Amino acid sequence: MLNIRYELTKTKKEKPDYSKLGFGKYFTDHMFLMDYTQGKGWHDARIVPYGPLCLDPSCAVFHYAQEMFEGLKAYKTASGEVQLFRPDKNIERMNRTNERMCIPHVDPDDALQAIKAIVKTDIDWVPNEEGKSLYIRPFIIATDCQLGVHPSHSYLFVIILSPVGAYYESGIDPVKIYIEREYVRAVKGGTGFAKVGGNYASSLKGQEKAEKLGYAQVLWLDGLHRKYVDEVGAMNVFFIIDGEVVTPALDEGSILPGVTRASAIELMRSWGMKVSERLLSVDEITEAAASGKLDEAFGTGTAAVISPIGELNDNGNKIVINGGKIGKVSKRLYDTLTSIQWGKAPDEFGWTTKV
Ligand SMILES: *Cc1c(COP(=O)(O)O)cnc(C)c1O
């Protein structure tokens with residue numbers, strides 16, 4: 001049990017226009033902070049007014065990017081209760097990332113307590129409107145003040161909150177994805193499976209290129225052969241080929257194990273669908289498209305839940321999927337997951353937790 005100290009703000013912010021929230025633009029009145037010192041462990045858990053952090057310029061995180069982050073959401077149900085979706089999965093993943101980044105583990109019960117405490121403190125920020133939610137961003141940064149390359153001995157754990165809009169203002173529109181053949185995101189033995197800023201820093205160049213060409217996101221291929229599908233930007237990816245649902249397997253360690261990915265797999269299996277986690281080459285996708293066997297493609301992630309893919313561009317060769325429209329399975333997954341998240345459907349899997 002954490003002993004959380006509260007220092008509440010005397011001047012609450014004015015709420016933004018909830019019809020124009022976008023993603024991650026506004027932050028709530030408070031934040032959670034907790035320090036780590038070697039020999040002492042995690043200590044000084046506190047909830048304080050949201051505001052700038054004061055850090056020394058030599059702080060390790062600025063130079064060698066020893067940090068991690070997570071992302072999950074709080075949803076308000078029709079009865080006014082606020083619930084989280086599978087926070088235990090995010091916390092497990094947080095500690096797997098910590099392990100890879102030489103960041104000390106956080107006790108899972110303490111992490112859940114901290115998430116619930118900060119959400120409760122700023123509960124009036126959780127949107128009531130359809131499709132809107134409170135995005136929760138826990139992160140840990142290395143705070144040693146020295147330029148030597150070593151794991152830090154001190155860290156800061158922070159949780160900030162942001163009310164966010166429905167990802168798609170006009171229903172779920174399929175996105176266009178650019179297959180990246182030059183840059184790679186992750187390699188076996190690297191940090192692909194860890195949720196760290198460094199993976200994103202190295203992905204910006206490819207993302208910028210895709211955007212210039214009119215594509216929403218990049219489809220990353222495996223770093224060795226540049227042949228097999230890894231994932232899309234900030235989403236895991238699924239293809240339905242001749243009735244078989246295929247998503248890249250996690251065993252190479254180059255793919256982020258998404259909570260939405262795991263939930264989508266469980267749901268589809270419960271519907272009796274064949275779901276394979278295996279190698280999937282771009283060639284297989286191209287051939288399936290050519291022979292009319294590529295039924296659907298979609299991305300999964302906390303932000304958009306399910307993001308149907310309407311077009312893939314491979315070196316100028318355009319593959320249009322399901323006529324550029326949302327497919328049946330994508331729609332069913334979106335409806336089912338969002339109904340569970342907003343408490344509109346019974347939670348048969350026990351995925352939600354009240355704050
Ligand atoms: C966070 C993330 C995802 C999606 O994970 P969820 O737990 O479903 O939100 C997928 N890929 C990358 C690279 C990510 O950072």
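## Cavities and cores

A search of the whole structure finds 2 cavities of 30 Å³ or more, where a cavity is a set of points on a 1 Å grid over the protein atoms alone at which a 1.4 Å probe fits but cannot get out, and lining residues have an atom within 4 Å of a point. This is a predicted model, in which local features need pLDDT of at least 70 and side-chain atom pairs count only at pLDDT 80 or more, while totals for chains, interfaces and linings use all residues. Residues are numbered from 1 along each chain as its sequence is written, and side-chain values use heavy atoms, with hydrogens and water left out.

| Cavity | Volume | Lining by class |
|---|---|---|
| Largest | about 70 Å³ | 4 nonpolar, 6 polar, 1 charged residues |

The lining of the largest cavity, which includes Y75, F85, T260 and Q341, draws at least three residues from each of domain 1 (5-164) and domain 2 (175-341), and its largest share, 3 residues, comes from strand 5. The second largest cavity is lined by R185, N199, Y200, S203, W220 and G233.

Turning to the packing, the largest nonpolar core has 40 residues, of which F32, V119, I136, F157 and I159 touch the most other members; such a core is a set of buried Ala, Val, Leu, Ile, Met, Phe, Trp, Tyr and Cys residues joined through side-chain atoms within 4.5 Å, with buried meaning under 20% relative accessible area (1.4 Å probe, protein chains only). Helix 3 gives the most to this core, with 6 residues. A second, separate core of 22 residues includes V229, V282, A297 and I321.

Notes: Buried < 20%, exposed > 50% of the residue type's maximum accessible area, 1.4 Å probe, protein only. Helix = DSSP H or I, 4+ residues; strand = E, 2+ residues; numbered from the N terminus. 1 Å grid on protein atoms, 1.4 Å probe; cavity = no way out; pocket = protein on both sides within 12 Å on 5 of 7 lines; lining within 4 Å. Points joined across faces, edges and corners; volume = space filled by probe spheres on them. Nonpolar A, V, L, I, M, F, W, Y, C, P; charged D, E, K, R; others polar. Domains from an automatic or database assignment.
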